[in-house]
Each structure stands twice: as C-alpha cells, then as structure tokens.
There are 2 protein chains.
Amino acid sequence: MAPRSRRRGAGPPNIYDVAKLAKVSTATVSAVVNGQDKVEAGTRRRVQAAVKKLHYEPNLYASNLARGRTKLLGLIVSDVVNPFFSEIAQCIRQEAQTRNYEIALSSTQFSRADLVASVRRMIGLRVAGVAIMTTERSEQAVHLLRHYRLPAIFEDVGTVSHTISNVRIDYEGGIFRAVKYLVDLGHRRILFVRSYPTVSSEGTHFLSIRLRTQAFERAVLHFKPEGVQAFKVTCPGPGPKAGFQAMGEALSRYEFTAAIAIADPVALGALRYLQQRGYSVPRDISLVGFDNSYLCDYLTPSLTSVNIPRDKLGRMVVEQLVRQVEEQAPGAALPLETELIVRESATRPPSKRLNRIRTSGAVSGKRKAGDRSK
Amino acid sequence: MAPRSRRRGAGPPNIYDVAKLAKVSTATVSAVVNGQDKVEAGTRRRVQAAVKKLHYEPNLYASNLARGRTKLLGLIVSDVVNPFFSEIAQCIRQEAQTRNYEIALSSTQFSRADLVASVRRMIGLRVAGVAIMTTERSEQAVHLLRHYRLPAIFEDVGTVSHTISNVRIDYEGGIFRAVKYLVDLGHRRILFVRSYPTVSSEGTHFLSIRLRTQAFERAVLHFKPEGVQAFKVTCPGPGPKAGFQAMGEALSRYEFTAAIAIADPVALGALRYLQQRGYSVPRDISLVGFDNSYLCDYLTPSLTSVNIPRDKLGRMVVEQLVRQVEEQAPGAALPLETELIVRESATRPPSKRLNRIRTSGAVSGKRKAGDRSK
DNA sequence: CTGAAAGCGCTAACAC
DNA sequence: GTGTTAGCGCTTTCAG
C-alpha cells in the first residue's frame with residue numbers, strides 16, 4: 001500500500017503533510033515533535049520549518065491511541081465553584097505539572113450519579129490514575145476503579161486496598177482544637193452549624209460531613225466535665241445561603257455563645273445573618289469556620305478557622321498517585337494534619353445572658369448597613 | 001486478515017472482546033453503545049449484557065479519532081479559582097450540556113503564553129469551537145484560530161470576522177450607572193480602584209481592565225459640570241490582596257468619599273482595609289463593586305455592585321458558537337447589558353471633611369485585631 | 001438488521 | 001539517523 005497522503009482539500013494538516021513538505025518520513029516528524037534527540041540538526045530544522053509553515057498541531061486522539069498510555073491524571077471534585085475545591089484543584093494541577101502529568105478535571109455537583117459518570121469518563125480517557133476529592137461517595141465508583149485496577153486516591157474514604165489510597169484529614173484534631181479554644185475562652189454553650197450539599201439522601205454518603213460532626217460530638221463529650229453543652233443545626237445547601245438559614249433557625253431554637261461552622265462558606269452565611277440581626281461578632285457570639293479559605297482574612301471580623309493545608313494535600317495526592325502508577329506502589333493511608341488559625345471572630349463570651357441581647361438586639365434600621373447594633 | 005481479537009492478558013476490554021462475547025460484530029456493538037436504534041431488541045440486549053459483564057468503557061481516543069469530529073467545545077478562562085470565571089465556566093458548561101456538547105476547560109493564570117498554549121491544546125483536541133473568556137489577549141492566538149478557521153468567540157476583543165465572534169459587555173453603561181448613582185447620592189470625590197492581574201506588561205493586554213477604566217474616565221468627564229473629581233490607584237494582583245493594598249495607598253494619597261472597585265474581589269480587599277482602619281462603610285466612605293459575585297450578598301455591609309449576567313452570557317456564548325459550528329454562521333458582535341445592583345455599601349457622603357474622620361476614626365473596639373494604626 | 005473491512009492520525013519496532 | 005509499516009480501538013460505508 002502506498003504511503004497515504006490525503007489532502008482532501010480540507011481539515012487540519014496531519015503528520016503526512018508535514019513529512020511530505022519536509023521530505024522525511026512520518027517517524028522522523030513524530031520524533032521531532034516529541035522532542036527526541038535522535039534526529040540530525042539539519043533534518044530537525046527542516047521538520048520544524050514545515051511544522052511552523054503548516055501550523056501543524058498533532059491530533060491528540062491519534063497520538064494517545066497509538067501510544068497506548070497517557071500521562072493523564074483524573075481529578076474529580078464536588079464543585080469547582082466552591083473555593084475549597086477549586087483551591088485543591090489548583091494545587092493538584094500545579095503539582096501534576098511539575099511531574100509532567102496533565103489533569104483531566106471533572107465536577108459532580110455533589111451527585112453520586114455524576115461521580116460514577118465521572119469515573120467512567122476517566123476510564124474512557126484512559127487516565128493513568130485518578131484522585132477523587134469529593135464530599136459524596138459511591139460504592140459503585142469504588143467498584144469500577146477496583147475492577148479496572150486503576151490507581152486511585154480518595155479523600156476520607158476508609159477503604160485502602162492494593163490500588164486505592166486515601167488521605168485522612170485530621171478533622172478530629174481540628175475540630176477538637178476549635179472546641180478547646182472556645183472552651184478555654186470561657187464558652188460553655190456551643191453550636192455546630194452543619195449543612196448537607198443536597199436535600200436528599202440524609203447525608204449518609206457525605207463522609208467528610210459525618211466525620212466532622214462526629215468529631216464535634218466527641219470533643220463536646222470530652223469537655224462535658226467542664227459543663228459544655230452542644231447544639232446542632234442542619235440546613236441543605238453547601239454555601240452561604242445554607243449557613244444564613246441555619247443560623248436563623250439556631251437563634252430561634254437555642255441559646256449559645258459560640259458557633260462552629262462546618263465550612264467557611266457556611267460560616268460566611270452565618271456571620272451575615274448575625275450581623276444583619278444586629279449581633280456583634282465576636283462580642284455577642286463567637287464564630288469559627290473550617291477550611292481556612294482565602295476569604296477568612298478579608299471578612300470583618302476576620303474569621304478564625306481550621307486550616308486544611310491544600311498545598312500539602314496536593315503534593316501528597318499527586319506524589320502517591322504517581323508512585324502507584326509508575327512503581328505499582330500499593331495503596332496507603334496518608335494522614336494530613338489540620339491546625340486552628342486564630343483570627344478575630346472568636347473571643348470571650350459576653351457576661352450577660354444571651355437571651356437579653358437577642359430580644360433587644362436588632363435595634364438600628366435594616367436600611368443601609370444593619371450593623372452598629374445594640 | 002482475520003478479525004483481530006487480542007487479549008494479551010491485560011488492558012481494558014475493547015470492542016472486539018464485547019463483540020466476541022455477544023457473538024456479534026463490532027459494528028453492532030458500536031451501534032448499541034452509541035444508542036442507535038437500528039439494532040434488534042434481542043441483539044441489543046445481548047450486547048448490553050456483554051458490556052456490563054466486561055465493564056466495557058469505549059476508548060475515547062479511538063472513538064474520537066475514528067469519528068473525525070468532536071462534540072467538544074473549548075473554554076479558556078484566566079483563573080478558575082476566581083469566582084467570576086468559575087461562575088461563567090459553570091454557566092457555559094451547563095448550557096453546553098443541554099446542547100449535547102462537552103466542555104474542555106483550560107486556565108491561563110492571566111498569561112498570554114498560556115493562552116496560546118491553551119489554544120494549541122484545543123486545536124490538538126480538535127474542538128468544534130472555542131470560547132475565550134480571558135482578561136488577557138493575544139494576537140498570536142487570534143492568528144491561530146483564524147488560520148484553522150476554528151469557530152471562536154471572545155470576550156471583549158474588537159475583531160469580529162467570519163469565524164470569530166465577540167460578546168460586548170456593556171462596561172460603559174455599568175460604570176456610568178455606578179458613577180451616576182454615587183453622584184446622585186452627593187459624592188463629588190470618587191476613587192477608582194484598578195488592579196492588574198500581573199506586574200508585567202503594564203496591563204496593555206488586559207482589555208477588559210482598560211475598557212472599565214476608560215468607561216470610568218468618560219463617566220467622570222460627563223459629570224465634570226457637577227464638580228466631580230476622580231482619583232485612580234492601581235495595584236498588581238487580581239484579588240483581595242491587591243484591593244487591600246490599593247486602598248491603603250489611596251487613603252494616603254487622596255481624599256474621597258466613594259470608591260468603585262474594578263471587580264468584587266478587589267472591593268472585598270478594599271472594604272477590609274477600610275474596616276480594619278476604623279472607617280465605617282458606607283457612613284464614612286461608600287464602596288461599589290463590579291461583577292456582582294455571590295459574595296456581595298453576604299458581606300457586611302452587603303456590596304452594591306454592577307452585575308454582569310453570567311447565565312445570559314453562558315447562553316449567548318454557547319448558542320452563537322453552536323450556530324457557527326453547525327450552520328457556518330458568521331461571527332457576530334453580541335451585546336450584553338449590565339445593571340447596577342443596589343445594596344448597602346453606598347450611601348450619602350458624610351457632611352464632615354473626610355480628613356477629620358480619618359484621624360479620629362478608629363473608635364469602636366478592635367480588641368483582638370492587630371490594627372488601630374494611624 | 002448485521003457483518004466485513006477500510007480507514008482516522010500517530011507511534012514504535014524493526015530494517016536499512 | 002531515517003524510513004517502513006503494523007497496529008492502537010473505534011466508526012462507518014457498503015454488501016448481504
């Protein structure tokens with residue numbers, strides 16, 4: 001069969017066009033394009049000239065198909081708009097880049113069905129490995145991964161196997177330190193603001209939420225001797241809106257002097273509710289967030305929050321994944337510590353009863369700027 | 001040549017494996033997998049069973065290569081972590097999904113080199129069309145697109161051609177309304193807080209920034225008869241940090257009663273600076289943002305901001321791109337209106353001279369805020 | 001309705 | 001060094 005050349009008059013130029021123009025074989029073009037050094041300088045220059053002249057861009061599908069393997073890592077997160085996830089994605093991408101891997105990103109909107117679909121897509125993409133940093137989880141997804149023996153790494157899922165790792169974020173320690181910090185300041189009535197990303201499913205499948213909640217409960221138990229009491233509210237939605245509503249509900253039901261939010265966006269909403277109702281944070285109520293997102297520094301008051309070191313997480317995830325891919329390293333459990341970042345939003349509790357403050361709280365007009373309360 | 005079957009013992013199952021198991025040809029498998037209806041129910045069931053049994057996932061590279069065209073739209077933004085861009089990406093993705101297109105997302109970190117690289121990648125991916133929603137721009141990228149006759153749509157770039165569209169966001173109107181709003185409230189000394197995403201390049205290539213700045217200048221000119229004076233500060237960086245610094249600089253240099261920030265994250269930083277220094281917003285200084293990001297509602301005071309309707313933008317972009325792809329529609333200029341969303345952060349200027357307020361400003365307790373400077 | 005087979009554009013042995 | 005060529009896994013006419 002004569003070396004096909006094509007040029008049906010349309011379509012982007014292919015490797016044959018370049019080869020013909022440079023008067024070399026496609027193998028040589030391929031070698032040049034892929035930066036191999038076994039090509040003579042003169043030949044190389046000719047090829048490069050042809051590439052430039054034709055504006056040749058290799059067809060990635062053909063290339064990946066022929067290669068039979070990819071330098072691609074899949075990354076699945078719950079919501080790219082959420083800063084927590086987008087910051088993680090950013091860190092992982094960066095780390096992958098230094099190791100010469102590309103990242104295929106997929107977002108699930110907290111849906112388990114989307115998680116499975118995303119895993120499918122990653123398999124279709126023949127990724128070398130996949131990191132699943134989602135709040136929701138799915139047995140089916142794990143099953144698929146296992147069947148394909150695809151190196152994978154989860155956030156918070158308990159199962160470590162030969163091909164599956166997971167990073168264990170120390171929620172327990174972080175929450176404990178937050179509670180301890182509040183208790184040490186003198187707080188005894190502490191609220192936990194929890195929120196599920198979706199209305200359905202009762203949150204059973206949102207492991208990190210369950211873990212954080214349990215951690216809170218355990219911490220409270222630990223401080224029971226000092227007379228600590230705990231309250232909890234839950235609202236659907238992952239963001240500020242949920243936090244806003246949740247705080248509204250909490251104020252109408254409980255009396256507390258401090259609150260811990262399960263995530264910073266939730267804290268943001270809670271803070272807004274408090275300030276809008278005329279409460280001063282932290283004077284009337286102390287507030288602690290979780291995740292230490294970039295927002296914390298720029299709120300007033302700046303938000304005390306539990307930090308999850310994203311850069312370290314990114315490094316760990318990519319490193320471990322690459323080890324699994326390239327050295328057939330078995331799955332492992334990777335601990336990741338957390339720490340409390342103290343800012344302005346928590347202080348000692350007010351001496352007066354909260355109730356008093358609440359009922360006489362919302363004084364000043366809501367008009368413009370509902371603060372300056374009390 | 002005998003129909004190859006493979007099974008070298010490893011690797012994911014391919015279409016031959018499925019065909020063999022289902023005792024049909026690969027053509028039939030392909031038809032079933034792609035949801036074509038010209039397959040008999042019984043055959044189909046057999047195929048589906050085989051697919052399930054083998055956990056068959058089609059190799060997307062092979063499929064795209066064979067197909068010769070993709071249902072893929074490229075989307076290039078400047079920074080996925082920035083809510084403005086991630087919200088746009090979200091809207092575009094959603095819209096694309098309803099039209100049965102996938103989105104390949106790429107982020108440039110405001111770098112022109114990365115922009116060109118991203119366009120290259122999109123071409124390598126053989127996307128059907130590409131939307132370039134970046135702050136920076138690059139002639140070289142435009143050149144490539146034009147050479148490939150690749151349907152494209154830019155944000156804010158002036159050149160409309162046969163294959164290239166652009167959406168024209170009405171910065172002019174938005175800024176004008178913001179300025180007018182402040183002027184009507186009684187402000188006469190207005191600051192514009194601008195920030196470039198990178199230190200280099202003097203911002204020449206950040207069109208939307210230039211457009212917004214020019215719009216501000218023109219609005220001020222329009223209100224010159226009423227005695228309006230304008231000031232400008234610029235800081236490097238796209239986010240709150242830049243806004244924070246910029247406001248610091250502005251306060252040390254100018255006297256003003258209101259400020260317009262070029263983007264909400266910048267406004268956030270500026271707001272924080274003001275509040276940390278003891279200024280009350282809007283009592284002492286009014287502040288207006290730009291983009292109307294989700295944050296605006298949750299800040300205290302909530303932030304008055306110019307809205308760019310993201311959902312509409314997403315719809316327009318995808319619709320136009322699909323028209324260019326499927327009907328060879330020529331490029332077009334798509335106008336997108338903006339509107340001022342009034343919230344709490346702007347009000348009438350204080351009657352006293354600003355200077356006086358500043359020096360005696362930090363009254364209320366800052367307790368554990370390490371500021372109170374000046 | 002189903003099967004056979006010719007590519008899609010590129011890579012990687014293997015020869016020269 | 002460079003060229004030849006057999007696939008990579010799938011889609012898609014075209015026969016039957």
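The model is a predicted one, in which local features need pLDDT of at least 70 and side-chain atom pairs count only at pLDDT 80 or more, whereas totals for chains, interfaces and linings use all residues. Residues are numbered from 1 along each chain as its sequence is written, and chains are lettered from A and ligands numbered from 1 in the order in which they are written.

The same surface serves both copies, since 97% of the contact residues of chain A recur in chain B; two residues are in contact if their C-beta atoms, placed from the backbone, lie within 7 Å. Chain A contributes 37 residues to the contact and chain B contributes 39 residues. On the side of chain A that touches chain B, two or more residues are given by each of helix H4 (60-67), helix H5 (83-98), helix H6 (112-124), helix H7 (139-148) and helix H11 (264-276) of chain A. Helices (H or I, at least four residues) and strands (E, at least two) are DSSP runs, numbered from the N terminus. H4(A) gives the most to this side, with five residues. By class, the side of chain A that touches chain B holds 18 nonpolar, 11 polar and eight charged residues; Ala, Val, Leu, Ile, Met, Phe, Trp, Tyr, Cys and Pro count as nonpolar, Asp, Glu, Lys and Arg as charged, and the others, Gly among them, as polar.

Both chains also contribute to the surfaces near the DNA. At least two residues of the surface near DNA strand C are supplied by each of H2 and H4 of chain A and helix H2 (26-33) and helix H4 (60-67) of chain B. H4(A) provides the largest share of this surface, five residues. The surface near DNA strand C comprises 13 nonpolar, 12 polar and five charged residues.

DNA strand D is likewise surrounded by 30 residues, the closest being A:Ala27, B:Ile15, B:Ser30, B:Ala62 and B:Ala66. For the surface near DNA strand D, H4(B) gives the most, with five residues. The classes here are 13 nonpolar, 12 polar and five charged residues.

In chain A, helix H2 (residues 26-33) packs with helix H3 (residues 41-54) at an angle of about 85 degrees, their axes lying 10 Å apart. Axes are lines fitted to C-alpha atoms, for helices over the stretch in contact, and angles run from 0 to 180 degrees between N-to-C directions. H2(A) and H3(A) are therefore roughly perpendicular to each other, a term that covers angles of 65 to 115 degrees. A:Thr28, A:Val29, A:Val32 and A:Val33 of H2(A) meet A:Thr43, A:Arg44, A:Val47, A:Gln48 and A:Val51 of H3(A) in this contact. These residues divide into five nonpolar, three polar and one charged.

Chain A also contains an open sheet of six strands in the order S2-S1-S3-S4-S5-S11, with parallel pairing; two strands pair if DSSP finds at least two bridges between them. Strand S2 (102-107) and strand S11 (333-336) of chain A each have a single partner strand, so one side of each is left without a neighbour in the sheet. Neighbouring strands of this sheet are turned by 20 degrees against each other on average, direction ignored. Strand S5 (residues 164-169) of chain A pairs with S11(A) in the parallel sense over four bridges, and A:Val167 stands opposite A:Leu334 in S11(A). H5(A) lies across strand S1 (72-77), S2 and strand S3 (129-133) of chain A, running at about 170 degrees to S1(A).

Note on methods. Angles under 35 degrees count as roughly parallel, over 145 as roughly antiparallel, 65 to 115 as roughly perpendicular and the rest as oblique. A residue is near a molecule or strand if its C-beta atom, placed from the backbone, lies within 6 Å of it.
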